[in-house]
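Subject: Structure for your review

Dear colleague,

Please find the structure below, with its sequence.

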Amino acid sequence: MADPIEKAKETAARKAVEDHFDPAARYIGIGSGSTIVFVVQAIKDRNEDLSRIRFVPTGYQSRQVIVKAGLQPIHFDSLPSGVLLDVAFDGADEVDEELNCIKGGGACLYQEKLVATHARKFICVADERKLQSRLLSKWDRIPIEVEPLAAHSVLERLAALGSQEATIRSGAIEKSGPIKTDQDNFIVDAKFKHPLLPTPTEAEGDVQGAKEDRQWAVETLAKEIKQIEGVLSVGLFCGENGLEAEKAGKSAGGQKPVAAYFGMEDGSVVIRKAGETDVVVNKQGEEKTKDSQQR
């Protein structure tokens with residue numbers, strides 16, 4: 001019997017590809033993790049001519065998935081100057097009501113952010129466990145990619161920001177030492193006491209208050225962590241999405257997805273888009289807003 005979570009991932013991936021894959025695209029970003037295997041298979045199963053499309057991976061694993069599918073990979077630094085990816089598909093560890101994401105659980109953080117910020121559209125694909133109203137609801141840590149030499153000073157600064165526990169991620173075998181990213185950096189996992197506010201509000205608290213009790217907003221905390229010397233990338237994807245950045249005249253920089261697809265165990269898919277009510281697509285392909293379905 002098929003694992004219901006894996007089936008849910010596949011259902012979400014196929015719907016996301018159906019809605020956002022364009023056979024006329026020139027460059028497509030492919031993220032990391034188990035859900036992305038289903039995205040690549042869904043693209044392959046469309047039986048389109050994919051020979052002119054170049055697929056940009058976010059790490060070693062996703063490159064192997066691309067190659068195994070018979071598709072053409074290209075390194076990010078081989079992209080022509082000034083070119084944006086038409087779309088990037090990637091997963092997430094958690095997504096809130098404003099489409100802020102936690103990413104980096106698979107230790108491909110920097111490359112994932114590099115690809116997301118250079119895509120016109122970042123499309124997130126996940127299962128229902130990742131669908132939350134606030135970040136740090138179920139997923140309990142923020143991954144941070146750091147330069148190894150600065151790792152311990154980064155831990156000290158995170159404690160000053162109120163992280164109750166920040167640790168350097170180790171491999172499955174303790175004696176093998178810290179996990180290293182494709183860039184030979186460490187991943188620090190930082191835990192905070194409260195779920196993160198989707199947007200800054202007065203409830204965020206006073207910087208001078210008890211540090212462990214401060215309730216951070218996503219973007220505020222992301223900026224504070226990024227300012228720490230030695231931090232390469234923060235596993236909070238927030239701020240603008242690619243379409244908003246492009247509309248503002250920026251050449252790149254959008255981090256958030258324009259849409260997130262969550263596969264549910266009942267076979268439906270929940271679609272979350274910026275500023276819109278969540279939509280539920282059932283197994284028959286019928287769409288309803290989440291509010292109307294609840295009524």
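Please note that this is a predicted model, and the remarks below should be read with that in mind.

**Salt bridges**

Side chains of opposite charge can pair when their charged atoms come close. Across the whole structure, the search returned 19 salt bridges.

K15 and D19 form a salt bridge through their side chains, with an N to O distance of 3.3 Å. Both residues belong to helix α1, which covers residues 4-20, and because they are four residues apart there, about one helical turn separates them. K15 is buried, at 12% relative accessibility, whereas D19 is partly exposed, at 34%.

A second pair, E219 and K223, is also joined by a salt bridge, and here the closest N and O atoms are 3.8 Å apart. Helix α6 (residues 218-226) holds both residues, again with a spacing of four residues, or about one turn of the helix. E219 is partly exposed, its relative accessible area being 31%, and K223 is exposed, with a relative accessibility of 53%.

**Cysteines**

How many disulfides does the model contain? The count is zero. C108 takes part in no disulfide, and the nearest cysteine sulfur to its own, that of C124, is 15 Å away. C108 is buried, with 15% relative accessible area. For C238, the closest cysteine sulfur belongs to C101; the two sulfurs are 9.5 Å apart and therefore too far from each other for a bond, since a disulfide requires the sulfur atoms to be within 2.5 Å. C238 is likewise buried, at 8% relative accessibility.

S163 sits in the loop that runs between α5 (151-160) and β9 (165-168). This serine is buried, with a relative accessibility of 9%. Its side chain reaches two backbone oxygens: that of E165, at 3.2 Å, and that of K191, which lies 2.8 Å from a polar atom of the S163 side chain. When residues up to four places away in sequence are set aside, S163 touches L158, A190, K191 and F192.

Q111 is part of helix α4 (residues 109-116) and is buried, at 19% relative accessibility. The side chain of Q111 makes a polar contact of 3.2 Å with the side chain of D182. Neighbours within four places in sequence aside, the residues in contact with Q111 are P57, T58, G59, D182 and Q183. Q72, which is 39 residues from Q111 along the chain, has its C-alpha atom 18 Å from that of Q111.

T277 is placed in the loop between β14 (269-273) and β15 (279-281). At 40% relative accessibility, T277 is partly exposed. Between T277 and A150 there are 43 Å in space, C-alpha to C-alpha, and the two are 127 residues apart in sequence.

**Nonpolar cores**

The largest nonpolar core has 32 residues, and the members that touch the most other members are I28, I43 and F89. Helix α2 (residues 34-44) supplies the largest share of this core, with six residues. Another core lies apart from it and has 28 residues, including V154, A190, F192 and I225.

With kind regards

Key
Residues numbered from 1 in each chain as written. Predicted model: local features only at pLDDT ≥ 70, side-chain atom pairs only at ≥ 80, totals over all residues. Heavy atoms only, no water. Salt bridge = Lys/Arg side-chain N within 4 Å of Asp/Glu carboxyl O. Helix = DSSP H or I, 4+ residues; strand = E, 2+ residues; numbered from the N terminus. Buried < 20%, exposed > 50% of the residue type's maximum accessible area, 1.4 Å probe, protein only. Polar contact = N/O pair within 3.5 Å; in protein donor to acceptor, adjacent residues only side chain to side chain. Contact = heavy atoms within 4.5 Å. Core = buried A, V, L, I, M, F, W, Y, C linked by side-chain atoms within 4.5 Å.
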